[in-house]
Amino acid sequence: MSAPPRGLPFFVYGTLRPGEYNHDRFLRGRTAAEEPARLPGALLYDGPGYPYLVRGAGRVAGELVHAAPGAYDELLAVLDLLEDGYDREVCEAVRTGDGTRVRAWVYVATPAVRLGEPIADGDWLSLRTRLPDVPHRRAPLRGVPLRDVPLRDVPRTP
């Protein structure tokens, strides 16, 4: 078995996207660049405060996150801890801006996960906008410094 690829960016599609509640908590100071992208061959399902991604005949909106110089190992460890219960897999995302295909890590729900409702357009942020009254999707966490948000109020993946 060959060693896993090193230095790949991460394709994020939910609470780690810029402006979302886990972005500042887990990515701040650890990224060099973030760019819009799509992941073909994937479907998105709503979960309890965060989405689930599975392989399938669709495409998911997200961001490619590139680690800051010297921060790759730390970023990988932090995201693996946060995404416990997901499988980290290599995927081929597509940059929205220029259509370039980029190999990246993505966290995929394990078969044991009970999926919520499908997110038809593959964009968790659009679901959040359509359902602003759902507590885990309320905008007040946007722009609020995380030091001001009790940890119990920050949803975590399983």
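**A walk around the barrel**

Let's start with the sheet: 5 strands close into a barrel in the order β1-β3-β2-β4-β5, with mixed pairing. Two strands count as a pair if DSSP finds at least two bridges between them. Strands (E, at least two residues) and helices (H or I, at least four) are DSSP runs, numbered from the N terminus. On average, neighbouring strands of this sheet are turned by 45° against each other, direction ignored. For angles like this, axes are lines fitted to C-alpha atoms (for helices, over the stretch in contact), and the values run from 0 to 180 degrees between N-to-C directions.

Keep in mind that this is a predicted model, where local features need pLDDT of at least 70, side-chain atom pairs count only at pLDDT 80 or more, and totals for chains, interfaces and linings use all residues. Residues are numbered from 1 along each chain as its sequence is written, and side-chain values use heavy atoms, leaving out hydrogens and water.

Now look at β2 and β4, which run antiparallel and are joined by 2 bridges. Arg 38, for instance, has Val 94 in β4 as its bridge partner. Helix α2 packs on the sheet too, touching β1, β3, β4 and β5, and its direction makes about 30° with that of β5. Contact here means heavy atoms within 4.5 Å.

Next comes the greasy part. A nonpolar core is a set of buried Ala, Val, Leu, Ile, Met, Phe, Trp, Tyr and Cys residues joined through side-chain atoms within 4.5 Å. Buried means under 20% relative accessible area, exposed means over 50%, and partly exposed is in between (1.4 Å probe, protein chains only). The largest such core has 41 residues, and those with the most contacts inside it include Phe 10, Tyr 13 and Val 106. Elements supplying at least two residues each include α1, α2 and α3, but β5 gives the most, with 7 residues.

Finally, the charges. A salt bridge is a side-chain nitrogen of Lys or Arg within 4 Å of a carboxyl oxygen of Asp or Glu, and that rule gives 8 of them. One joins Glu 35 and Arg 95, with the closest N and O atoms 3.0 Å apart. Glu 35 lies in strand β2 and Arg 95 in strand β4, so this pair ties together parts that are 60 residues apart in sequence. Arg 55 and Glu 89 also meet in a salt bridge (3.1 Å, N to O). That pair links β3 with β4, 34 residues apart. Both ends are partly exposed: Arg 55 at 38% relative accessibility and Glu 89 at 27%.
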